[in-house]
Amino acid sequence: MSSARPRIRRTAPAGRRTRLALTGPAALLAAALTACSGGSSGSAEAGGDDKAPDTSVSVNLTGEAATPGGPVKVTLARGKLRTVSVTAGKGGALAGRISADGRTWISERVAAPGTAYTVEAKDTDGGSDRAAFTTAAAEKVNKLSLAPGKNTTVGIAQPLSVVFDHPVKDKAAVEKALKVSTSNDTEGSWGWLQDYSGKDRVDWRPKEYWKPGTKVTLDARLNGVDTGADGGWFVRDYTTTFTIGAAQVVKVDLDGHRLALHRDGKQVLDIPMSAGTPGGEKASWRGTAVLMSKEGTINMRSETVGLGDAYDKMVDYSMRLTWSGMYAHAAPWNAGYFGQANRSSGCVGMSDADAAALYGQVRVGDPFEMTGAEAKGPVAEGNGYGAWNVSWADWQARSALK
């Protein structure tokens, strides 16, 4: 591994010689300059003082392929540091703190891969040095997708969900970098799970449904975090913000064959419906599902959900509840069963007019609370947003930082 020679700039206050030198390549360069100068350095320098204190500085990262993933550390041999700045080639900077004794500065965040950094240190006597190093590039890069979308307004059950492109072995390191802040100090927890796609995923859900009007921010300070074997490094940060809308809950009574929309504790819609045929794969899920998307008119084909060639229809007012294909939607072909029996292929169907009314009022993130015996089990955590079907204690136990 070759070592880059840092750029050196020495300054000192008038009338006193102060030497602030970076060790490693910087020290080698200083030694070379001394060996070639000849004669006494004290007599050659204006204002020379051979008894000046040794204020040499060491930086833990040097060269053109420094190891990323750790903090930058600057240590002063004697005296006290006044300021230290570590700036990245892309215009960013690493914040840090000087120790109580003034001898050491350590960055709060780690050095990211494939990044050029410049270090400038100044001591309390006016000496300064400047050096540069570059971290090795990442052999593999991990990325993520975030939900909900930035600057959106969502329902009271919407979790903050992060799906990773590659496996995450060091879950604790990743979770430490995910900072959630809310406008009202909402209590919540991260929980790790497997997404329906098979990818690693971590969701942040509140202990109870969000309070309307809550503003939520995720600051994912992931640049420089190594996710472990087969996962790769993150090479950027991510942020997203969203706001919680009105307190809306859709209650689906599978046994009573009715659906009701409640807003702020008051019922605003009561709709006869027909859900999935009980006793097999066509039965509906029970528990709490979260409205994932409002998809309008879509083509639904039974073969995509493992039900052979049972149907192939264009379906209006489609509201997705799970990745496995459960929707609430218009189903005029099932009109004879609305309010009477569950005879669909797993979805919650209703008339065109009722579906239009529900579609126009619900919001992504609204919970659908489905109760009744005529179901095939609760919605799984990764099949959409099923975290509400896990107890709070069990959900907290899924955090990598428990």
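The model is predicted, so to speak of local features we need pLDDT of at least 70, and side-chain atom pairs count only at pLDDT 80 or more, while totals for chains, interfaces and linings use all residues. Residues are numbered from 1 along each chain as its sequence is written, and side-chain values use heavy atoms, with hydrogens and water left out.

Let's start with the rings. The whole structure holds 8 aromatic pairs (rings of Phe, Tyr and Trp, the last by its six-membered ring, with centres within 6.5 Å; planes under 30 degrees apart are stacked, over 60 edge-to-face, the rest tilted). One of them joins Trp-210 and Phe-242 edge-to-face, at 6.2 Å centre to centre and 90° between the planes. This pair links distant parts of the chain, 32 residues apart: Trp-210 is in the loop between strand E14 (200–206) and strand E15 (215–220), and Phe-242 is in strand E16 (residues 238–244). Strands here are DSSP runs of at least two residues, numbered from the N terminus. Trp-210 counts as buried because its relative accessibility is 3%, and Phe-242 is buried too, at 1% (buried is under 20% relative accessible area, with a 1.4 Å probe and protein chains only).

Elsewhere, ring pairs join Phe-164, Trp-192, Phe-234 and Tyr-238 into a cluster. Lys-171 lies over the face of Trp-192, 5.4 Å from the ring centre, and Arg-236 lies over the face of Tyr-238 at 4.0 Å (NZ of Lys or CZ of Arg within 6 Å of the ring centre and within 35 degrees of the ring normal).

Now to the sheet. Four strands form an open sheet in the order E4-E3-E7-E8, with antiparallel pairing (two strands pair if DSSP finds at least two bridges between them). Strand E4 (93–94) and strand E8 (128–134) are the edge strands, each pairing on one side only. Strand E3 (residues 81–88) and strand E7 (residues 116–123) share 7 bridges, and Val-84 stands opposite Ala-121 in E7.

Technical notes:
Buried < 20%, exposed > 50% of the residue type's maximum accessible area, 1.4 Å probe, protein only.
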